[in-house]
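Please open the structure in your viewer and keep the selection panel at hand.

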Amino acid sequence: MTIQRSSYVYVGLAGETAPGRPVQSGLYRNGRGRRSVGAADSWPAEAPAIRAIATDPEHADTVYVGTQHGPYRSTDNGEHWEKVDVPDHGSPVWSLAFDPHDGKLLYAGYENCEIFRSDDGGEHWQQLPVTVRFPEVTVAPGANPAKRVLKLAVNPQPR
């Protein structure tokens with residue numbers, strides 16, 4: 001007898017937030033023909049803006065998402081979510097990345113060019129020093145000049 005494990009594809013939508021346009025945000029999961037949305041009662045908003053997704057390389061049931069209110073974690077394939085506690089922070093998370101050689105090492109890229117690192121799978125976080133700043137940003141009047149860490153990549157070569 002062969003036991004089949006479910007395999008999932010997660011799709012995050014950050015939605016359209018321009019004035020007068022409908023907001024279409026949320027997390028969608030597909031697994032062998034099944035589609036669903038994560039448990040709404042555990043999100044900070046009715047439809048979270050999902051900007052980043054990372055699945056734990058050592059625990060297939062664990063997935064992290066970056067939202068407009070910080071990172072969230074599910075340990076049951078997205079059925080229920082808990083806010084990941086990053087001290088003194090609540091800014092949007094735009095990117096997430098696991099170290100390919102250490103499944104407990106997780107990075108989160110934030111708005112305002114901030115990067116946080118967890119050595120224990122998201123339980124504790126420390127801010128990494130980032131020396132890149134954008135003091136002379138050319139933007140339209142009233143625009144948000146904040147810069148975001150849109151993508152993180154960890155070197156796949158063994159140390």
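**Before selecting anything**

This is a predicted model, in which local features need pLDDT of at least 70 and side-chain atom pairs count only at pLDDT 80 or more, while totals for chains, interfaces and linings use all residues. Residues are numbered from 1 along each chain as its sequence is written, and side-chain values use heavy atoms, with hydrogens and water left out.

**Stop 1: the whole protein**

Display the protein as a cartoon. Its secondary structure consists of zero helices and eleven strands; here helices (H or I, at least four residues) and strands (E, at least two) are DSSP runs, numbered from the N terminus. Along the sequence, the pattern reads β-β-β-β-β-β-β-β-β-β-β.

Of the 159 residues, 38% count as buried. Buried means under 20% relative accessible area, exposed means over 50%, and partly exposed lies in between (1.4 Å probe, protein chains only).

**Stop 2**

Two strands pair if DSSP finds at least two bridges between them. Strands of a sheet pair through backbone hydrogen bonds, either parallel or antiparallel.

- Strand 4 and strand 5 (residues 63-67) run antiparallel and are joined by four bridges. Select Ala54, whose bridge partner in strand 5 is Tyr64.
- Strand 5 and strand 6 pair in the antiparallel sense over five bridges, and they form a hairpin with two residues between them. Select Val63 to find Ser74 of strand 6 opposite.
- Strand 6 and strand 7 run antiparallel, with two bridges joining them. Here Tyr72 has Lys83 in strand 7 as its bridge partner.

Why is strand 6 described as largely enclosed by the rest of the structure? Five of the five residues of strand 6 (residues 70-74) are buried, so the strand is largely enclosed.

**Stop 2: a loop residue**

Select Thr62, in the loop between strand 4 and strand 5. Is Thr62 buried or exposed? Thr62 counts as buried because its relative accessibility is 9%. Setting aside neighbours within four places in sequence, Thr62 is in contact (heavy atoms within 4.5 Å) with Thr55, Asp56, Arg73, Ser74 and Thr75.

**Stop 4**

Select strand 8 (93-99) and strand 9 (residues 102-110). These two strands run antiparallel and are joined by six bridges, with a hairpin connecting them through two residues. Ala97 stands opposite Tyr107 in strand 9. Strand 9 is mostly covered, since seven of its nine residues are buried.

Leu106 stands opposite Ser118 in strand 10. The hairpin of strand 9 and strand 10 has three residues between the strands, and within this hairpin Asn112 takes a positive phi near 65°.

**Stop 3: the nonpolar cores**

A nonpolar core is a set of buried Ala, Val, Leu, Ile, Met, Phe, Trp, Tyr and Cys residues joined through side-chain atoms within 4.5 Å. Select Tyr64, Leu96, Ala108, Tyr110 and Trp125, which have the most contacts inside the largest such core, a set of 13 residues. Strand 4, strand 8 and strand 9 each supply at least two residues of this core. Apart from it lies another core, of seven residues, including Tyr10, Leu27, Ile50 and Val65.

Centre the view on Leu96. Beyond four places in sequence, its contacts include Ala52, Ile53, Ala54, Tyr64 and Ala108.

**Stop 4: Tyr110**

Finish at Tyr110, in strand 9. Tyr110 is buried, with a relative accessible area of 1%. Tyr110 and His89 are 21 residues apart in sequence and 9.7 Å apart in space, C-alpha to C-alpha.
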